[in-house]
Amino acid sequence: MNIFVRLGDWNEKANKGCGGVRASYGPEANRINSLLLARADKIDGLLAEYQEKYPNQITAQVIADFLADKPLTREDKGKDFIEFVLERLESDYSRNRIGRSRYENGKSGMNIFRIFLRATKNGTYKPDSIYLGEISVELIDEYIRWRREIPMLHK
């Protein structure tokens, strides 16, 4: 908002704990406090709306984007990773780009990945599901370590 206040003019307990400027700031104190409170209410509303659309998906980046007034569009459009992979497998199989064995192995691999998400509590919006845009190198590395440690999956 480009509002700069000297430390002595700031009251962290004002505006129901959101912070605000003291009267010592000058004649604009009330107007500034109204702007700050309106901004805080707007951010709170956006966060509540986002939480409703994407439960438990609020990250530091989401908050930073709200504060910077950036439009929030999920790059993955909220697409589930496992559903995406299964759709790709089905598409490739139906167009004869992969054989039956690779298709079935891919489906089996996604079932095991779902077990991994649930067992390690890495699922995000559901215990055994994760959005496509949340897949990371670190998660894949953890999955590989997990697969190597689980003897029943090697049979």
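These legends walk through several close-up views of a predicted model.

**View 1. The largest nonpolar core.** We start among the nonpolar side chains of the interior. In soluble globular proteins, nonpolar side chains tend to be buried together. Here the largest nonpolar core has 15 residues, and F81, F113 and F116 are the ones that touch the most other members. Helices α4 (81-94), α5 (100-120) and α6 (137-149) each contribute at least two residues to this core. The largest share, six residues, is supplied by α5.

**View 2. The surroundings of F116.** Which residues does F116 contact, once its neighbours within four places in sequence are left aside? They are N122, L139, E142, Y143 and W146.

**View 3. Helix α2 and its buried face partners.** Buried residues of α2 are A29, I32, N33, R39, A40, I43, L47 and Y50. The partners that these buried residues pack against are α1 (14-17), β2 (20-21) and α3.

View 4. Side chains of opposite charge can pair when their charged atoms come close. K53 and E49 do this in a salt bridge, with 3.6 Å from N to O. Both residues belong to helix α2 and sit four residues apart, which is about one turn of the helix.

View 5. The closest N and O atoms of R31 and E28 are 2.5 Å apart. R31 is partly exposed, with a relative accessible area of 46%, and E28 is partly exposed too, at 36%.

View 6. D92 pairs with R95, and their closest N and O atoms are 3.1 Å apart. D92 is buried, because its relative accessible area of 14% is under the 20% limit. R95, by contrast, is partly exposed, at 47%.

**View 7. A nonpolar patch on the surface.** Some nonpolar side chains can also be found on the outside. I58, I63 and L67 form a surface patch with about 240 Å² of accessible area together. Of these, I58 is in the loop between α2 (29-53) and α3 (60-67). I58 is partly exposed, with a relative accessible area of 33%.

**View 8. Two loop residues with positive phi.** Our last stop is the backbone. Most residues other than glycine have a negative phi, and most peptide bonds are trans. N96 has a positive phi, near 60°, and its place is in the loop between α4 and α5. K121 has a positive phi, near 60°, and is found in the loop between α5 and α6. Where do they stand on exposure? N96 is exposed, with a relative accessible area of 69%, and K121 counts as exposed at 71%.

Key:
Residues numbered from 1 in each chain as written. Predicted model: local features only at pLDDT ≥ 70, side-chain atom pairs only at ≥ 80, totals over all residues. Heavy atoms only, no water. Patch = residues over 30% accessible without salt bridge, like charges linked within 9 Å, V, L, I, M, F, W, Y side chains within 5 Å. Areas by Shrake-Rupley, 256 points an atom, 1.4 Å probe, with all protein chains shown as cover. Salt bridge = Lys/Arg side-chain N within 4 Å of Asp/Glu carboxyl O. Buried < 20%, exposed > 50% of the residue type's maximum accessible area, 1.4 Å probe, protein only. Core = buried A, V, L, I, M, F, W, Y, C linked by side-chain atoms within 4.5 Å. Contact = heavy atoms within 4.5 Å.
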